[in-house]
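User: I am new to this structure and would like to learn how to read it. Please take me through a few features, one at a time.

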Amino acid sequence: MSADLAESKFSIPVDSENKAKSLNIFSFNHPHHASFHMSWMGFFVSFVSTFAAAPMIAIIREDLELTKPNLGSAGLAAVTGTIGARVIMGSVCDVVGPRYGLSIVLLLSAPFCFCMSYVTTAAGFLICRMGIGLGLATFVACQFWMSCMFNGKCVGLANATAAGWGNLGGGVTQFLMPLIFRGMTSATEGRIFAAWRWAYLVPGLFHTIMGVAVMFVGQDLPDGNYKFLHTSGQLEKKSAATTQYLGVTNYRMWCMVATYGFCFGVELTMNNIVAAYLYDQFELDLVTAGTLASCYGLMNIFARSVGGLVSDYTSVKFGMRGRLWTLWIMQTLEGILCVFMALAKDSLGTTILFMVLFSICVQASEGASYGIVPYLTRRALGVVSGYIGAGGNAGSTICMALFFTSSSIATYDGIMYMGFTIIGVTLLVIPIHFPMWGSMFFPGDPNVSEEDYYIAREFNEEEIKEGLALSVQKFCQNSYQERAPSMRPVESSEAKV
């Protein structure tokens, strides 16, 4: 489809794949921006529910007589259970589309929110937190969806903003749930052990409403939903086995799995521990501790978008190598500030200052990460997104298990150890090398093209003859901008008009 025909079909500028060339957060234009809002809102709801226990934990642990190991195990369960779900979600997105994936996981995790009202034991608490945590698999659908809807000129910003606003739920829940708890306390005439249970009905309702809304308001791709495009022959019916193979044999994906584990994984860890840390370390009341803890997650309002925006900007200036340098710098600074937060353990003001700066770098690193992910593969993008998203949860599992479940490790020491680990793991950005674009320290090979990487490597000759790679050819042409500026094709005067 020509650019003129595409733009006549859509009310916003699009490329040859009908992907939007810009992001307007105030637009609800269908399908691009309507899907943008459905994706972040669905992810936001899953974050609110997954970390709803954290700001009420002082009440919950007294009611259920939970020990520190019980709390640590439940926190682990909340982020560990979704590791497999995220991997599966990647294949779901590739095969049936992001709309079904996001909607179904919200509806399946809703009953666990409602069941939290009936929990009476540590085991029941752990099971419900694990079930609710499955909702975090919505992240994979969110990021896959944005990569399908927005062009390379703004894909970093679109991915970062959708995920950042979704992650914002982890900050909002820190003050929202105490307010709901307070309202329920009044409604139950001061019965606080009943109030926290009633409070959990609200996240359950959020899941149900958004699960239905995503299904009916969103659209899988700019040209239509998967079912229609498969039936009409406009979209390849992908094999889950083929896309899994392409994903797991791409070493770049595994580097990103590890590095993402120590930006998003760190955010999940902090959402689990920071309210209780402030409550215990500085002897604050529940609402104050929750409000201050929310500052960590609230940085998602802008910080993740900043990471995506800087990634897109450095791509314009330096190509893919600029994106890689952006990620390494931001995430290394994240680790340094994490250590400083731990060292500020005797001052509430200094702790909050470093916590906010630390959080900004965490979110920016996440945004910079998903400025790179859409270029790791085209045919297996869902699988790669799933594994990298699962890496975030795996990173949180590792941090919680190593640093925050043992009673012999003070929380501030755990935060410091986590900071040093972040710095070390981030070195894995260095070996990420694209043959045609290069890596942090080495340029790309001018004799290797995008078609060599995305088509010849991922399709066999028979599939190419059948036309299965035609849509990927358009992607290759749109990704020429990731080359070093001196290697980019010169636009014709006609294209510039």
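User: Is Tyr 260 buried or exposed?

Analyst: In this predicted model, Tyr 260 has a relative accessibility of 0% and therefore counts as buried. Phe 264 also counts as buried, because its relative accessibility is 0%.

User: How do I read a pair of aromatic rings?

Analyst: Two values describe a pair of aromatic rings: the distance of the centres and the angle of the planes. Take the structure as a whole, which holds 28 aromatic pairs. In one of them, Phe 139 and Tyr 370 are edge-to-face, with 5.1 Å centre to centre and 90° between the planes. This pair links distant parts of the chain, 231 residues apart. Phe 139 belongs to helix α8 (residues 138–149), while Tyr 370 is in the loop between α19 (348–369) and α20 (381–403). Both Phe 139 and Tyr 370 are buried.

User: Why is the pair of Tyr 260 and Phe 264 stacked?

Analyst: The planes of Tyr 260 and Phe 264 are at 10° and the ring centres are 5.5 Å apart, so the pair is stacked. The cut-off for stacked is planes under 30 degrees apart.

User: Which residues form one aromatic cluster with Tyr 260 and Phe 264?

Analyst: The cluster is formed by Phe 43, Phe 47, Phe 51, Phe 139, Tyr 260, Phe 264 and Tyr 370.

User: Where does a charged end sit over a ring?

Analyst: The charged end of Arg 252 sits over the ring of Phe 434, at 5.8 Å from its centre. Another case is Arg 457, whose charged end sits over the ring of Tyr 453, 4.9 Å from the centre.

User: Is Phe 26 buried or exposed?

Analyst: Phe 26 counts as exposed, because its relative accessibility is 70%; the cut-off for exposed is over 50%. Phe 26 is placed in the loop between α1 (3–9) and α2. Between the C-alpha atoms of Phe 26 and Ile 432 there are 35 Å, and the two residues are 406 residues apart along the chain.

User: Which residues of helix α10 are buried?

Analyst: In α10 (residues 192–199), the buried residues are Ala 194, Ala 195, Trp 196, Arg 197 and Ala 199. Their cover includes α3 (57–64), α9 (155–187) and α11 (201–217).

User: How do I read the protein as a whole?

Analyst: Begin with the elements: there are 25 helices and 0 strands. For 497 residues, a compact globule would have a radius of gyration near 23 Å, and the 22 Å of this protein agrees, which means that the value fits a compact globule. The C-alpha atoms fill a box of roughly 70 × 45 × 40 Å along the principal axes. Of the 497 residues, 60% are buried.

Methods:
Residues are numbered from 1 along each chain as its sequence is written. This is a predicted model: local features need pLDDT of at least 70, side-chain atom pairs count only at pLDDT 80 or more; totals for chains, interfaces and linings use all residues. Side-chain values use heavy atoms; hydrogens and water are left out. Rings of Phe, Tyr and Trp (its six-membered ring) pair if their centres lie within 6.5 Å; planes under 30 degrees apart count as stacked, over 60 as edge-to-face and the rest as tilted. Helices (H or I, at least four residues) and strands (E, at least two) are DSSP runs, numbered from the N terminus. Buried means under 20% relative accessible area, exposed over 50%, partly exposed in between (1.4 Å probe, protein chains only). A charge sits over a ring if NZ of Lys or CZ of Arg is within 6 Å of the ring centre and within 35 degrees of the ring normal. The radius of gyration is taken over C-alpha atoms; the globule rule is 2.2 Å times the number of residues to the power 0.38. Contact means heavy atoms within 4.5 Å.
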